[in-house]
Every structure is written in C-alpha cells, then in structure tokens.
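The sequence and structure come first.

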Amino acid sequence: MPIQAFILDLDGVLTDTAEYHFRAWKRLADEEGVPFDRRANEELRGVSRRRSLELLLGQRVADYSEEQMEEMMDRKNGYYQSFLESITGDDLLPGARELIDGLKRRGLRIAIGSASKNTRIVLGKLGITEAFDGIADGHSVTRAKPAPDVFIHAAGQLGVPAVACVVVEDAASGVEAALTAGMLTVGIGPQERVGNAHFRYNSTEDTDLNEILGC
Ligand SMILES: [Mg+2]
C-alpha cells in the first residue's frame, strides 16, 4: 500500500525542548536533594512524566506517597511550562519546516504523535498548529510509548491504515512503538538509539523523503 501519511514525534524531531525538561527536572531534583545530571537526563528521553520521575528518584521512590508523586510531577510541569513560554518559531529544529513543507507538497497527510501533554502549547508557540491534520498527544491515550497507542490514535484521526503511515521518531521507545504499530519507521539520531528503525538519519535536516518514499 502506498504511503499516505506521516506521523511526527514533536520533541527531538521538530523542536528540542530537552534542555527545558532538563532544567525543570534538575530544579525539582535539587529541591528534593536527589542527584541529577545531564547523563541521568538522557535516560528520560521519550519517557512519560511519571516514569521519568521514578527514574529520577531511583530507590528513593519508595519514600514518597502517591500524593507526593503527583505533587512533584505537577511542580516539574509548572517549571517546564514557565520555560515553554519563551518558545518561538526560531525554536524549530533545522530542517523541520522543510520536512513539513515537503510532506505537504507531496500531498501527504501529517499528524503529531507525541507523549507530551504540552503538545498543543508547544505547537502553538512554534506557530505550526495549522500544518497538522491530526494531533495525538499525552492526553489522547493512557499507555505511553513503547506502547503503539499514540501512533495508532494518530492514524485513526487521519483515517489512514497503519501500513500506509510513516513515523518519524528520535527516541528508542518511540521507534519500538512505531514498529509495534506496524508502521514504516524513521529514526532520528545515533545508531545505538534508533538503529532498529527502517531508515535512520542523524538529524531532521538529513531526512531524505525521496529515499523513504522510494522515489
Ligand atoms: Mg522525541
């Protein structure tokens, strides 16, 4: 079946809010007296907020009640959202606009498939909301990547079967989710992270649509 649609991850593919996530988690970790650095932050790539908090706390997770976990997730998100206020169109990654334009020019439908509950805020700040025919985000499904749910939800919004969808992802968990969904998968990043994808490019800018579409 010919490819009809692309489902794009947001963070790490179209923009990079990793730095804001790092600063927000770091502030929370400092307040809780938990060691946290950029290396530990790498483990949180493409991971849900709850799982991120569990990874950040490590063995100390047992010291906290469910209520305290909820409060910390809210606190981190508050810090993150205040950082997001400063996002503009300049925060699109190199090649992101060209990728979107290239897909539109080929008459392909496009959706976002992101774990982030802030997806709509970020798209709005970037000024690209209108470009998308569907938005599947952290509010759309309960099971996070590597469950395939967010991509299946996006395909449903577009009315396109999974086998006619391409996913573009920068996280190992997202690549796994896309493969499980039965979608052609494009990994953005190093071999050791996204090497399981059908196609792999070092950056969004390097993505070759002709190669992916076999033209
Ligand atoms: Mg990502």
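Arg 27 and Glu 31 both sit in helix α1, four residues apart, which is about one turn of the helix. The model is a predicted one. A salt bridge joins Arg 27 to Glu 31, with 3.8 Å between the closest N and O atoms. Arg 27 counts as partly exposed because its relative accessibility is 42%, and Glu 31 is also partly exposed, with a relative accessible area of 40%. The pair belongs to a network of salt bridges that links Arg 27, Glu 31, Glu 32, Glu 71 and Arg 75.

**A second pair in the helix**

Helix α1 spans residues 18-32 and includes Arg 23. Glu 19 and Arg 23 both lie in this helix, four residues apart, again about one turn. They form a salt bridge in which the closest N and O atoms are 3.2 Å apart. Glu 19 is partly exposed at a relative accessible area of 28%.

Side chains of opposite charge can pair when their charged atoms come close. Asp 133 and Arg 109 meet in a salt bridge through their side chains, at 4.0 Å from N to O. Asp 133 lies in the loop between α6 and β3 (134-136), and Arg 109 is in strand β2 (residues 109-113), so this pair ties together parts that are 24 residues apart in sequence. Asp 133 counts as partly exposed at 36% relative accessibility; Arg 109 is partly exposed too, with a relative accessible area of 34%.

The search of the whole structure finds 16 salt bridges, among them the pairs in this table.

| Salt bridge | N to O distance |
|---|---|
| Glu 19 and Arg 23 | 3.2 Å |
| Arg 27 and Glu 31 | 3.8 Å |
| Asp 133 and Arg 109 | 4.0 Å |

**The contact between the domains**

The domain assignment of the chain gives domain 1 (5-16 + 91-213) and domain 2 (18-84). The contact takes 13 residues from domain 1 and 11 residues from domain 2. The C-alpha centres of domain 1 and domain 2 lie 24 Å apart. Between them the domains bury about 980 Å², of which 45% is on carbon and sulfur atoms.

How many salt bridges are counted between domain 1 and domain 2? The count is zero. The count of residue pairs in polar contact between the two domains is three, with both residues at pLDDT 80 or more. On the side of domain 1 that touches domain 2, helix α6 (residues 119-126) gives the most, with three residues. By class, that side of domain 1 has four nonpolar, two polar and seven charged residues.

Note on methods. Residues are numbered from 1 along each chain as its sequence is written. This is a predicted model: local features need pLDDT of at least 70, side-chain atom pairs count only at pLDDT 80 or more; totals for chains, interfaces and linings use all residues. Side-chain values use heavy atoms; hydrogens and water are left out. Domain bounds come from an automatic or database domain assignment. Contact means heavy atoms within 4.5 Å. Buried area is the accessible area (1.4 Å probe) that two parts lose on being put together, summed over both. A polar contact is a pair of N or O atoms within 3.5 Å; within protein, one must be able to donate a hydrogen and the other to accept it, and residues adjacent in sequence count only if both atoms are side-chain atoms. Helices (H or I, at least four residues) and strands (E, at least two) are DSSP runs, numbered from the N terminus. Ala, Val, Leu, Ile, Met, Phe, Trp, Tyr, Cys and Pro count as nonpolar, Asp, Glu, Lys and Arg as charged, and the others, Gly among them, as polar. Buried means under 20% relative accessible area, exposed over 50%, partly exposed in between (1.4 Å probe, protein chains only).
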